[in-house]
Amino acid sequence: MRVRGFGELEATVMDKVWNRAQVSTVRDIFDDLTEDRPIAYTTVLSTMDNLHHKGWLARERVGKAYHYRPTLTREEHSAKLMREAFEDGGDSDLVLTFFL
């Protein structure tokens with residue numbers, strides 16, 4: 001699965017974060033991901049850190065770990081992508097017509 005604007009692993013991590021109804025730690029996402037495939041903890045850590053630096057995840061230090069939350073909901077992200085497509089796609093009316 002690939003969500004526009006994210007790499008493949010970033011999209012998978014964001015999907016896991018969005019699916020949780022609470023803040024997430026790297027351990028939470030790592031545990032979710034290892035149910036489906038082998039992956040290193042440090043890979044998940046790096047990916048979530050990258051998403052934080054790109055502005056997709058906010059984080060707060062709690063003890064020795066960070067608690068992450070998305071800066072946009074999945075729906076807000078989708079709306080942002082649609083706005084960008086309208087702005088970059090030429091004539092907005094034609095873009096919308098072809099979309100429908």
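Select Gly 63 to start, in the hairpin of E1 and E2: this hairpin has 2 residues between its strands, and Gly 63 takes a positive phi near 65 degrees. The model is predicted, so local features need pLDDT of at least 70 and side-chain atom pairs count only at pLDDT 80 or more, while totals for chains, interfaces and linings use all residues. Residues are numbered from 1 along each chain as its sequence is written, and side-chain values use heavy atoms, with hydrogens and water left out.

**The two strands**

Colour residues 57–62, strand E1, and residues 65–70, strand E2. The two pair in the antiparallel sense over 6 bridges; strands count as paired if DSSP finds at least two bridges between them. The names come from DSSP runs, numbered from the N terminus: helices are H or I with at least four residues, and strands are E with at least two.

Now select Ala 58, which lies in strand E1. Which residue of E2 stands opposite Ala 58? That residue is Arg 69. Ala 58 is buried, with a relative accessible area of 19%. Here buried means under 20% relative accessible area, exposed means over 50%, and partly exposed is in between (1.4 Å probe, protein chains only). Not counting residues up to four places away in sequence, Ala 58 touches His 52, His 67, Tyr 68, Arg 69 and Thr 71; a contact means heavy atoms within 4.5 Å. To check one of these, draw a C-alpha to C-alpha distance from Ala 58 to Thr 71: the value is 5.9 Å, for residues 13 apart in sequence.

Next, show the side chain of Tyr 66. Arg 59 lies over the face of this ring, at 4.1 Å from the ring centre. The charged end of Arg 61 also sits over the ring of Tyr 66, 5.1 Å from its centre. A charge counts as over a ring if NZ of Lys or CZ of Arg is within 6 Å of the ring centre and within 35 degrees of the ring normal.

**Helix H1**

Move to residues 8–19, helix H1. H1 has 12 residues and reaches 17 Å from its first C-alpha to its last, close to the 16 Å expected at 1.5 Å a residue. The expected span is 1.5 Å times one less than the number of residues. Of the 12 residues of H1, 9 are buried, so this helix is largely enclosed by the rest of the structure. Among them are Glu 10, Asp 15 and Trp 18. The buried residues of H1 pack against H2, H3, E1, E2 and H4.

Select Val 17 in this helix. Is Val 17 buried or exposed? Val 17 is buried, with a relative accessible area of 1%. Its contacts, not counting residues up to four places away in sequence, are Ser 24, Ile 29, Met 48, Leu 57 and Pro 70.

Lys 16 touches Ile 29, Asp 32, Leu 33 and Asp 36, with residues up to four places away in sequence left out.

**Aromatic rings**

Show the side chains of Phe, Tyr and Trp. The structure holds 4 aromatic pairs. Rings pair if their centres lie within 6.5 Å, using the six-membered ring of Trp; planes under 30 degrees apart count as stacked, over 60 as edge-to-face and the rest as tilted. The rings of Phe 30 and Tyr 41 have centres 5.5 Å apart and planes at 70 degrees, so this pair is edge-to-face. The pair links distant parts of the chain, with Phe 30 in helix H2 (residues 26–34) and Tyr 41 in helix H3 (residues 41–53), 11 residues apart. Phe 30 is buried, with a relative accessible area of 14%, whereas Tyr 41 is partly exposed, at 32%. Elsewhere, ring pairs link Phe 6, Trp 18 and Trp 56 into a cluster.

**Helix H4 and the whole chain**

Select residues 74–88, helix H4. H4 is followed by Gly 90, whose phi is positive, near 95 degrees.

Finally, zoom out. The protein chain has 5 helices and 2 strands, in the order α-α-α-β-β-α-α from the N terminus. The C-alpha trace spans about 50 × 30 × 20 Å along its principal axes. Of the 100 residues of the protein chain, 28% count as buried.
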